[in-house]
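This briefing is for a reader meeting the structure for the first time. Look over the sequence and the model below, then go through the points by topic.

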Amino acid sequence: MMNVLIVHESMFGNTRTIASAVADGLHQGRSPDDGAVRLVHVDDAPTVIPADVDLLLVGGPTHALGMTRPRTRQDALTQGATAAGQGVREWIQAVTPRPELRVVTFDTRVHVTMLPGSAANAAARALRRRGFDRAQRGESFWVQGTPGPVVAGELDRARDWGVELATRVRQGVA
Ligand SMILES: Cc1cc2nc3c(=O)[nH]c(=O)nc-3n(C[C@H](O)[C@H](O)[C@H](O)COP(=O)(O)O)c2cc1C
């Protein structure tokens, strides 16, 4: 069995589109009756992860070189984004740690030369500090600018990554 929970944050919808492509890939990479893939926005994410979840994915947009903060989310709102109650950063502080759980992070970023910083990297570190000992940084996916859209080819890459994650979990190497 392989139950996957994907917790995502998205203010302009790009990370949501990526998360949903990763979910498609996970579906594709599993056997047909092999558990469930649940995609939830961070506002609706549980603070106690259901016991039957074997893989947790956590994804969000990169703001100011890391995870979003109340101030950067406010800034996004002024640029036309949809309001969000909290971000991945706040959810990580609220969730009950599961040291043994496989956790992989991802993010969306603007592909600009010399612009470092990744919400996926920051989230993986924050999750480990919180007690998710197995949290690892996954992929960054590129958007064309602050509101998006996702760069051509990135949805395919997200789907392929989902297939690869499903394979790794099946083989017990994730
Ligand atoms: C306040 C703010 C700060 C940002 N800072 C960065 C940054 O440091 N690096 C980066 O690559 N993108 C940055 N971006 C662009 C976001 O990464 C982009 O809006 C996001 O990936 C879109 O995802 P979403 O549609 O899921 O919100 C920033 C965007 C906002 C609104």
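The model is predicted.

**Ligand site**

- Thr15 has an N or O atom in its side chain that is 2.5 Å from an oxygen atom of the ligand.
- Asn14 also places a polar side-chain atom by the ligand, 2.7 Å from an oxygen atom.
- Gly13 takes part through its backbone: a polar backbone atom of Gly13 is 3.0 Å from an oxygen atom of the ligand.

**Salt bridges**

- Side chains of opposite charge can pair when their charged atoms come close.
- Arg157 and Glu139 form one of the salt bridges, and their closest N and O atoms are 2.7 Å apart.
- This pair links distant parts of the chain, since Arg157 is in helix H5 (residues 154–170) and Glu139 is in strand S5 (residues 135–143), 18 residues apart.
- Arg157 counts as partly exposed because its relative accessibility is 27%.
- Glu139 counts as partly exposed because its relative accessibility is 28%.
- Another salt bridge joins the side chains of Arg159 and Asp156, with an N to O distance of 3.0 Å.
- Arg159 and Asp156 are 3 residues apart in helix H5, so about one helical turn separates them.
- An α-helix has 3.6 residues a turn, so residues three or four places apart point the same way.
- Arg159 is partly exposed at 26% relative accessibility, and Asp156 is partly exposed at 43%.
- Glu139, Glu154 and Arg157 belong to one network, joined by salt bridges that share partners.
- Glu100 and Arg98 also meet in a salt bridge through their side chains, at 2.8 Å from N to O.
- Within that pair, Glu100 is partly exposed with a relative accessible area of 45%, whereas Arg98 is buried with 17%.
- The cut-off for a buried residue is under 20% relative accessible area, so Arg98 at 17% falls on the buried side.

**Helix H2**

- Which residues of H2 are buried? They are Thr72, Arg73 and Ala76.
- These residues cover an arc of only 100 degrees around the axis, and therefore they lie on the same side of H2.
- Pro70, Arg71 and Thr78 are exposed on the other side of H2.

- Leu65, Val112 and Leu115 make a nonpolar surface patch of about 260 Å².
- Leu65 sits in the loop between strand S3 (55–61) and helix H2 (70–78).
- Leu65 is partly exposed, because its relative accessibility is 48%.
- The backbone of Leu65 has a positive phi of about 75 degrees, although Leu65 is not a glycine.
- Ala64 is likewise found in the loop between S3 and H2, and its phi is near 45 degrees, a positive value in a residue other than glycine.
- Is Ala64 buried or exposed? At 65% relative accessibility, Ala64 counts as exposed.

**Loop between S5 and H5**

- Gly145 has its place in the loop between S5 and H5.
- Gly145 is buried because its relative accessible area is 17%.
- Gly145 and Asp52 are 93 residues apart along the chain, and 37 Å separates their C-alpha atoms.
- Pro149 lies in the loop between S5 and H5.
- The peptide bond that joins Gly148 and Pro149 is cis, with omega about -5 degrees.

Terms used: Residues are numbered from 1 along each chain as its sequence is written. This is a predicted model: local features need pLDDT of at least 70, side-chain atom pairs count only at pLDDT 80 or more; totals for chains, interfaces and linings use all residues. Side-chain values use heavy atoms; hydrogens and water are left out. Patches are made of residues with over 30% relative accessible area and no salt bridge: like charges are joined within 9 Å, nonpolar side chains (Val, Leu, Ile, Met, Phe, Trp, Tyr) within 5 Å. Accessible areas come from the Shrake-Rupley method with a 1.4 Å probe; for residues, only the protein chains shown count as cover. A salt bridge is a side-chain nitrogen of Lys or Arg within 4 Å of a carboxyl oxygen of Asp or Glu. Helices (H or I, at least four residues) and strands (E, at least two) are DSSP runs, numbered from the N terminus. Buried means under 20% relative accessible area, exposed over 50%, partly exposed in between (1.4 Å probe, protein chains only). A polar contact is a pair of N or O atoms within 3.5 Å; within protein, one must be able to donate a hydrogen and the other to accept it, and residues adjacent in sequence count only if both atoms are side-chain atoms. The arc is that of the directions from the helix axis to the C-beta atoms.
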